[in-house]
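This report covers strand pairing, salt bridges and backbone geometry. The sequence and structure come before the details.

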Amino acid sequence: MVNLQANVQTQVYPAENSMMQELILSFSIQGEPSQKQIYLVASNQVSSWTLTIEGDEKDTYTVGPLSMGRNVMLPEGEWKLSILNDDGQTLEETFLVSYTMPKDIVGYDAETYTLHLHEGLGQLSLYDADEALLETRQIQQNEPITLQEGVSKASVLVQDQTVRYIVYR
């Protein structure tokens, strides 16, 4: 009926001592792509979203990214998605949201514009002020990375994690 996938992504902003989580859902429903009305209820039974979304040419619908805001974690547990179908029937699906809290793995010194990875390996992406990608490369534990002039944003995706660490110069 509905092939539902839920993905929680976390962005950590070490220089600001903050983080944000985003939930992205995707599902497919057979038939002609059309507008769907959806209602999503978090596991806390308090937070909810009502959205109208469009399907793509492959009958896939994407919801999100949805967030509770900075430093407010998504409630873990069973969430409920209701989809109003074209025929007036409501399809209901439940799914679990779970995650591990990110560790303090990336450090950043705003005075020297230097970041470093405390443990493991990571993928570093550097961006300019227009968010254009300048460079992507692997970095290792304790390797100091100085953000040069022209670099406005650095993003580190740590190996084996679903957490992205973001710093701004």
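## Strands E10 and E11

Strand E10 (residues 121-127) pairs with E11 in the antiparallel sense, over seven bridges. Strands here are DSSP runs of E with at least two residues, numbered from the N terminus, and two strands pair if DSSP finds at least two bridges between them. Within this pair, Leu 126 has Glu 135 in E11 as its bridge partner.

The model is predicted: local features need pLDDT of at least 70, side-chain atom pairs count only at pLDDT 80 or more, and totals for chains, interfaces and linings use all residues. Residues are numbered from 1 along each chain as its sequence is written, and side-chain values use heavy atoms, with hydrogens and water left out.

## The sheet

Strands E10 and E11 belong to an open sheet of seven strands with mixed pairing, in the order E5-E2-E1-E14-E13-E10-E11. Strand E5 (60-66) and strand E11 (133-140) stand at the edges, and because each has a single partner strand, one side of each is left without a neighbour in the sheet. From one strand to the next, the twist averages 20 degrees (axes are lines fitted to C-alpha atoms, for helices over the stretch in contact, and angles run from 0 to 180 degrees between N-to-C directions).

Strand E1 (residues 5-13) pairs with strand E2 (residues 18-28) in the antiparallel sense over nine bridges. In this pair, Gln 11 has Met 20 in E2 as its bridge partner. Strand E1 also runs parallel to strand E14 (residues 163-168), to which three bridges join it. Val 12 stands opposite Tyr 165 in E14. Strands of a sheet pair through backbone hydrogen bonds, either parallel or antiparallel.

## Salt bridges

The structure holds six salt bridges, each defined as a side-chain nitrogen of Lys or Arg within 4 Å of a carboxyl oxygen of Asp or Glu. One of them joins Lys 153 to Glu 131, with the closest N and O atoms 3.2 Å apart. Lys 153 lies in strand E13 (residues 153-158) and Glu 131 in the loop between E10 and E11, so this pair ties together parts that are 22 residues apart in sequence. Lys 153 is buried at a relative accessible area of 13%, whereas Glu 131 is partly exposed at 43%. Buried means under 20% relative accessible area, exposed over 50%, and partly exposed in between (1.4 Å probe, protein chains only).

Arg 169 forms a salt bridge with Glu 149, the closest N and O atoms being 3.8 Å apart. This pair links distant parts of the chain, with Arg 169 in the segment after E14 and Glu 149 in the loop between strand E12 (145-146) and E13, 20 residues apart. Arg 169 is partly exposed, with a relative accessible area of 33%, while Glu 149 counts as exposed at 70% relative accessibility. Salt bridges that share partners join Glu 135, Arg 137 and Glu 143 into one network. In the salt bridge between Glu 135 and Arg 137, the closest N and O atoms are 3.0 Å apart.

## Backbone geometry

The hairpin of E1 and E2 has four residues between the strands, and Asn 17 there takes a positive phi near 55 degrees. Asn 17 counts as exposed, at 72% relative accessibility. Asp 59, in the loop between strand E4 (48-54) and E5, also has a positive phi, near 60 degrees.

Which residues are joined by a cis peptide bond? Gly 64 and Pro 65 are, with omega about 15 degrees. Pro 65 lies in strand E5.
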